[in-house]
Amino acid sequence: MNLASIDLNLLVALDALISEAHVGRAARKIGLSQPAASHALKRLRDLLGDPLLVRVGSRMELTPRANDLRESLGEALHRVRRVFDAESFEPKASTRHFSIMMQDHIGHLVVPPLVKRAHSMAPGIRLDVLPWQSPSSIKAERFRFIDLIISCSTDEIAGFQRETLFTDTEVTVVRKGHPAVSRMKSLKTFLHSSHVAVVGRGLTEDPVDRWLREEGMARHVALRVPSYVQALQTVARCDLVAFVPKRLAESLQSSLSLTMLPPPIDPGEYREFLFHPLRAAQDPASLWLRELVLEIGERLDRRS
């Protein structure tokens, strides 16, 4: 049978005729005139090669073929309606998996409140935090499996829309009791102290060192580590100096016994962005997750 030749309205008429076993009642059920319902029955008989309804005395009865169609037709119409109905998202019943890519220091700020909030509303979902990779180095097909990206990059990502998540800046951090803490606001002391640099995946140096070089300065780097969290954990146990995002330092200041200081040169502010795919712009589940993350960003900004 050529599906392209089938009028979907005939399926609606067939469902009404089978459920009512009466042309007049079927016509009223689906808003047709009786002649139109009779014409639909004739087309269905020709299409299926079966009379479907036969007169027995004063009433109409279903043929065996029509009885066989009763259950499967209802299921088929339900599936067709689902194709055209707007997709819904019920958090409490969902088992959706979401993939989010962010750097470790952003994960430290965002993931715990996101997990708490998301699983209180949708206990069956799963959040996958992906290892950080520069979006510029990701193959296009991999983006199809990423629901959100958080990055401070101002570069566009093809197929993604960007929104500001929160603002941040950088601060000098040393351990409590550091011997040079009282002099660390001095540019000379800052540059000549032993620093821990953060060189993430795909980088050859800490962006701070590139920035200092552009300003005609250089600091003494004694250690290079791949993450800001590791840098702060190290600083807490020795006399190295870290230059890290302020919001991360604030979150770990108490637990690691750290001292935060304004740097001797103004680093300015920067923004962390939430990138979300255009393909999911109207997807209810994606919208729900996006709003949760944006709420966390707003709370971080309110702490300033």
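Predicted model: local features only at pLDDT ≥ 70, side-chain atom pairs only at ≥ 80, totals over all residues.
Visitor: Let's start with D206. Why does D206 count as buried?

Guide: Buried means under 20% relative accessible area. D206 comes out at 2% relative accessibility, so it counts as buried. You'll find D206 in the loop between β8 (194–198) and α7 (207–214).

Visitor: What makes the link between the side chains of D206 and R219 a polar contact?

Guide: The cut-off is a pair of N or O atoms within 3.5 Å. The two side chains are 3.2 Å apart, and that pair is listed as a polar contact. The side chain of D206 also reaches the backbone nitrogen of V198, at 2.7 Å.

Visitor: R219 again! Why is its pairing with D209 called a salt bridge?

Guide: A salt bridge needs a side-chain nitrogen of Lys or Arg within 4 Å of a carboxyl oxygen of Asp or Glu. For R219 and D209, the closest N and O atoms are 2.8 Å apart, and the pair forms a salt bridge. It links distant parts of the chain: R219 sits in the loop between α7 and β9 (220–225), D209 in helix α7, 10 residues apart. Both R219 and D209 are buried.

Visitor: Which salt bridge partner does D46 have, and are the two buried or exposed?

Guide: D46 pairs with K42, with the closest N and O atoms 3.3 Å apart. Both lie in helix α3 (residues 34–48), 4 residues apart, which is about one turn of the helix. D46 and K42 are both exposed.

Visitor: What do the side chains of D301 and R247 do?

Guide: They meet in a salt bridge, at 3.1 Å from N to O. D301 lies in helix α10 and R247 in helix α9 (residues 246–256), so the pair ties together parts that are 54 residues apart in sequence.

Visitor: How do you know whether R247 is buried or exposed?

Guide: R247 has 8% relative accessibility, so it counts as buried. D301 is at 28%, so it counts as partly exposed.

Visitor: Last one: which residues form the positive surface patch?

Guide: R117, R299, R302 and R303 form it. R299 belongs to helix α10 (residues 284–302), and at 37% relative accessibility it counts as partly exposed.

Technical notes. Residues numbered from 1 in each chain as written. Heavy atoms only, no water. Patch = residues over 30% accessible without salt bridge, like charges linked within 9 Å, V, L, I, M, F, W, Y side chains within 5 Å. Areas by Shrake-Rupley, 256 points an atom, 1.4 Å probe, with all protein chains shown as cover. Lys, Arg positive; Asp, Glu negative; His and termini not counted. Charge placed at Lys NZ, Arg CZ, Asp CG, Glu CD. Helix = DSSP H or I, 4+ residues; strand = E, 2+ residues; numbered from the N terminus. Buried < 20%, exposed > 50% of the residue type's maximum accessible area, 1.4 Å probe, protein only. Polar contact = N/O pair within 3.5 Å; in protein donor to acceptor, adjacent residues only side chain to side chain.
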